[in-house]
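Subject: Handing over a structure

Hello,

Here is the structure I promised to pass on to you. Please open it first, and then read my notes below alongside it.

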Amino acid sequence: MYLRKIYTLVFLRNETQILLGLKKRGFGLNKWNGFGGKVEHNESIIDAAIRELREECCVDVNKSDLKNIGHLEFTFEGESILMDVRVFSASVYEGVPTETEEMAPKWFKYEEIPFDDMWPDDRIWFPYLLKNKLFYGIFHYKGYDTILNYEVKELKCMETFYKNKK
Ligand SMILES: Nc1nc2c([nH]c(=O)n2[C@H]2C[C@H](O)[C@@H](COP(=O)(O)OP(=O)(O)OP(=O)(O)O)O2)c(=O)[nH]1
């Protein structure tokens, strides 16, 4: 049995671009990613997503503007933790994305996403995000560079997915 830990991951998007941040410390160092982190005790997932976005790139988003677009799970050979990552997208927000101690934000055109400098699994599930499809993905890693096996599929509805998961 795995010990499940819940994380958030938020992508700001407009018609032509997506905002990524270069991680400056900790897990995923030097990789481009969305903004997010661990859900704290007594904090809802959506509140954690809003807090992490504010902490990591100084942008505020309303609950109603955050859309849950995907669910990712990561396990690592020899480790008992399962990282449960809730993926969100928003196109309405307040503030200008600004560099912090944790992340250096930059807008990327959809055709220029830097997959070579991202988590290896991202190039597998990003096509769903880019086509505005809801998705579920599970990845089992050896270390942090090698995917041993995975499964990704399109979802029709996140609420139904979570209801059936319980
Ligand atoms: N795109 C992508 N994101 C991932 C993968 N694995 C993974 O943990 N993430 C995300 C989920 C979280 O947003 C983030 C990891 O959270 P974190 O360790 O930075 O959490 P945190 O800010 O609370 O950590 P801390 O340094 O403050 O202790 O990376 C992956 O394979 N691909």
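With which residues is Leu72 in contact, leaving aside its neighbours within four places in sequence? They are Val85, Val87, Trp125 and Gly137, where contact means that the C-beta atoms of two residues, placed from the backbone, lie within 7 Å.

What you are looking at is a predicted model, in which local features need pLDDT of at least 70 and side-chain atom pairs count only at pLDDT 80 or more, while totals for chains, interfaces and linings use all residues. Residues are numbered from 1 along each chain as its sequence is written. The average pLDDT of the protein is 97, and 100% of the residues score at least 70; pLDDT is the predictor's confidence in each residue, from 0 to 100. The ipTM of the model is 0.95 and its pTM is 0.97.

The annotation

An unreviewed UniProt entry carries the annotation "domain: Nudix hydrolase" for residues 1-133. UniProt positions are given in the numbering used here, feature names are shortened, and annotations may be inferred rather than shown by experiment. In the model, the span 1-133 is 17% helix and 35% strand, and its end C-alpha atoms lie 30 Å apart. Helices (H or I, at least four residues) and strands (E, at least two) are DSSP runs, numbered from the N terminus.

Around the ligand

There are 16 residues around the ligand, and Phe27, Gly36, Gly37, Lys38 and Trp119 come nearest. A residue counts as near if its C-beta atom, placed from the backbone, lies within 6 Å of the molecule or strand in question. Two elements give two or more residues to this shell, namely strand 1 (3-13) and strand 5 (81-90). Strand 1 provides the largest share, three residues. Sorted by class, the shell holds seven nonpolar, six polar and three charged residues. Here Ala, Val, Leu, Ile, Met, Phe, Trp, Tyr, Cys and Pro count as nonpolar, Asp, Glu, Lys and Arg as charged, and the others, Gly among them, as polar.

The nonpolar core

The largest nonpolar core has 31 residues, and Val10, Ala49, Leu53 and Phe88 have the most contacts inside it. Such a core is a set of buried Ala, Val, Leu, Ile, Met, Phe, Trp, Tyr and Cys residues joined through C-beta atoms within 7 Å. Among the elements that give two or more residues to this core are strand 1, helix 1 (45-57), strand 4 (67-76) and helix 2 (122-130). Helix 1 gives the most, with five residues.

Phe88 is in contact with Thr8, Val10, Ala49, Leu66, Lys67, Asn68 and Ile69, setting aside neighbours within four places in sequence. Thr8 itself sits in strand 1. Thr8 counts as buried because it has 26 C-beta neighbours inside 10 Å; a residue is buried with 20 or more other C-beta atoms within 10 Å of its own, exposed with 12 or fewer, and partly exposed in between, with C-beta atoms placed from the backbone. Beyond four places in sequence, the contacts of Thr8 include Gly36, Gly37, Ala49 and Phe88. Thr8 and Asp84 are 76 residues apart along the chain, yet their C-alpha atoms are separated by 8.4 Å.

Leu72 and Pro105

Back to Leu72, which is found in strand 4. Leu72 is buried, because 21 other C-beta atoms lie within 10 Å. Pro105 lies in strand 6 (residues 103-109) and is buried too, with 20 other C-beta atoms within 10 Å. Not counting residues up to four places away in sequence, Pro105 touches Leu19, Gly21, Cys57, Pro97 and Glu99.

Is Asn30 buried or exposed? Asn30 is exposed, since there are 9 other C-beta atoms within 10 Å. Asn30 is placed in the loop between strand 2 (17-23) and strand 3 (32-33), and its phi is near 65°, a positive value in a residue other than glycine. Asn42 is in the loop between strand 3 and helix 1, with phi near 60°, again a positive value in a residue other than glycine. Asn42 is exposed, with 6 other C-beta atoms within 10 Å. Leu72 and Asn42 are 30 residues apart in sequence and 22 Å apart in space, C-alpha to C-alpha.

Best wishes
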